[in-house]
Amino acid sequence: MTTADDVVAGRAAMRRFATLSRSVALFRAFLVEQTDPDHFYSLLAADSVRQVSGYAALDGRTVLDVGGGPGYFAAAFRGAGARYVGLDPDVGDFSAAGESVAGMLRGSGTALPVRSASVDVAFSSNVLEHVSEPPRMLDEMVRVTRPGGVLFVSFTPWLSPWGGHETAPWHYLGGERARRRYQRKMGRPPKNRYRETLFPVSISDALRWARANGDVEILEALPRYHPWWGRWVVRVPGVREVVAWNFVLVLRRIAPVPGGVAEKQS
């Protein structure tokens, strides 16, 4: 169970490692994602595990990774001692990092094939923008997390410079227009197709969902790749959708009490 002391410790850990040099390293790795995916995704997975471990002990705990292929995250979480379970619509994606499919599930993020209150950490990295019903996926992640457990969800806002993914920055002129431009230029449709496999999500919508959900409390709302001192951008509506680049929401599953009222820790 994550306690108030764990949150304080997590924030202290974030201040120590969320440095400018870390941000620069992640950005440089992102620039070579297409040509050197091993470098980028291995670095991102290790960074993510370090972020999550600031809010929840991982050794011996069950981690569900929603949308967890390829298997870079599996190796990183297992290296931290976690019991890792990955879920992806295409289990074959895990082989991209040399992972076997043992401990992997095939399924949808909006209908998780996992029993309620069965995992300690529900994790998802850059998946929410690829599902047509983001609130439904978030609800499912809450359902499968044990009371006191942690949810860690990151996504790329639509108005981020990378919101259109490979069609960026032309998505600022409209998702369909950016899609057509990409197809004309490349001779093939983009992998991330507007309103088919890529959907416009926003930080404001995610925060609104979290604040209205009585089963969770917000531990952190952060720009994922920024230095610690850059976290202020999330507090500025409008600006945050563009400047945050990638957003992470850290939540704690609230323990129910008799009478049906959720128990929030001070």
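A word on ground rules before we start. Because the model is predicted, local features need pLDDT of at least 70 and side-chain atom pairs count only at pLDDT 80 or more, while totals for chains, interfaces and linings use all residues. Residues are numbered from 1 along each chain as its sequence is written, and side-chain values use heavy atoms, with hydrogens and water left out.

Let's begin inside. The largest nonpolar core has 32 residues; by nonpolar core I mean a set of buried Ala, Val, Leu, Ile, Met, Phe, Trp, Tyr and Cys residues joined through side-chain atoms within 4.5 Å. Buried, here, is under 20% relative accessible area, exposed is over 50%, and partly exposed is in between, using a 1.4 Å probe and protein chains only. Leu 64, Met 141 and Phe 247 have the most contacts inside this core. Two or more residues come from each of E1, E4, H5, E5, H7, E6 and E7; these labels are DSSP runs numbered from the N terminus, helices (H or I) of at least four residues and strands (E) of at least two. Apart from this core lies another, of 31 residues, including Leu 44 and Phe 123.

What are the buried residues of helix H5, residues 134-144? They are Pro 134, Met 137, Leu 138, Glu 140, Met 141, Val 142 and Val 144. Their cover includes strands E1 (62-66), E4 (119-125) and E5 (145-155), along with helix H7 (203-212).

Now for Phe 247. Beyond its neighbours within four places in sequence, Phe 247 is in contact (heavy atoms within 4.5 Å) with residues including Phe 155, Ile 203, Leu 207 and Leu 222.

Next, strand E6. Seven of its eight residues are buried, so E6 is largely enclosed by the rest of the structure. E6 pairs with E7 in the antiparallel sense over seven bridges; for strands to pair, DSSP must find at least two bridges between them. Within that pairing, Glu 217 has Arg 252 in E7 as its bridge partner.

Ser 42 sits in helix H3, residues 37-53, and is partly exposed at 39% relative accessible area. Setting aside neighbours within four places in sequence, Ser 42 is in contact with Pro 37 and Tyr 72. Leu 159, in the loop between E5 and helix H6 (175-186), also counts as partly exposed, at 38% relative accessibility.
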